[in-house]
Structures are given as structure tokens and as C-alpha cells.
Amino acid sequence: MAAMARFLLICAGGAVGTGARYLFSTAMTRAFGNFPFGTLGVNVIGSFLAGLLMVLALERSVLSLDQRLVLVTGVLGGFTTYSSFNYETLHLAQSGAGMLAVVNVALTLVACLLAGIAGIWLGRTLG
């Protein structure tokens, strides 16, 4: 695939991921209040899907290079977000909810690592 076409497909995937992140985060905030469950959720889901898709692409050859770039770099790149995690954690700490900030860091780290491991495991056990 030509480099410009690949670039545009990755950008389109990023737009889809960004829109999905907005919808998911908004729904989580409505459901659970001000704790950043939306950001936590997208990062955990994104970690799982990245692990799964990378195994399917690199170890199982189920996805082409272009499909991997669109899905992982584009869609998941737009879907997951460290900058929101960072801001929300700092906001919790600065607003006097230091323990919640620590909980957010611990939950994000552990949950995303476990989700990534689960995605890799699932990718390797499929087929």
C-alpha cells in the first residue's frame, strides 16, 4: 500500500478510536461519577486489544501490516490515552484526593498489565 494511503487509513482509524473513547468515557462518567473510570476503562480495554491484535498480527499472521497499523496505531492509538490519565490523576491529587490519585495509578498499572497479558494469552490460544 502506498505510504500516503496507509497514513490516511491510520488517521481514519485514529478518528474512530477517539470518537469511541469519548462515547465510552462520557457513559462511564454518567454511570459512576467523577472518578476517572472512563480513562481507566479505555486503557485496560486498549491494553487487552493491543496484546491480542499484536499476537494475531505478528505471531499468527492473521492481520496484514496495514490492518495492524490501522487497528493498533490508528484505532487503539486514538482510543487509549496516557495524557488524560496523567491529568486526571494530578487533578485528583491537587484537589485533596491524594489517596484516590494513588488508587488510580495502581489500578491503571495493574489492570493494564493484566489486560495486556490476557490479550497476548488469548491471541496465542486462538486457532
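Let's start inside the fold: leaving aside neighbours within four places in sequence, T108 is in contact with L40 and F85, where contact means heavy atoms within 4.5 Å. T108 sits in helix 5, residues 98–125. It counts as buried because its relative accessibility is 9%; the cut-offs are under 20% relative accessible area for buried, over 50% for exposed and partly exposed in between, with a 1.4 Å probe and protein chains only.

Before going on, a word on what you're looking at. This is a predicted model, where local features need pLDDT of at least 70, side-chain atom pairs count only at pLDDT 80 or more, and totals for chains, interfaces and linings use all residues. Residues are numbered from 1 along each chain as its sequence is written, and side-chain values use heavy atoms, with hydrogens and water left out.

Helix 5 also holds N104. With 1% relative accessibility, N104 counts as buried too. Not counting residues up to four places away in sequence, N104 touches F35, P36, F85, T89 and L92. So F85 turns up as a partner of both T108 and N104, by the contact cut-off of 4.5 Å between heavy atoms.

Now zoom out. The chain has five helices and zero strands, and reads α-α-α-α-α along the sequence. Helices here are DSSP runs (H or I, at least four residues), strands are E runs of at least two, and both are numbered from the N terminus. The C-alpha atoms fill a box of roughly 50 × 35 × 20 Å along the principal axes. Of the 127 residues, 33% count as buried. Among contacts between residues at least 6 apart in sequence, 70% join residues at least 24 apart. The chain exposes about 7,400 Å², with carbon and sulfur atoms supplying 72% of that; the areas come from the Shrake-Rupley method with a 1.4 Å probe.

Finally, the largest pocket, at about 160 Å³. A pocket is an open set of points on a 1 Å grid over the protein atoms alone, where a 1.4 Å probe fits, with protein on both sides within 12 Å along at least five of seven lines; lining residues have an atom within 4 Å of a point. Its volume is the space filled by probe spheres set on the points. Thirteen residues line the pocket, with T29, N34, F35, P36 and E88 nearest its centre. Helix 1 (3–32), helix 2 (37–58) and helix 4 (82–94) each supply at least two lining residues, and helix 4 gives the most, four.
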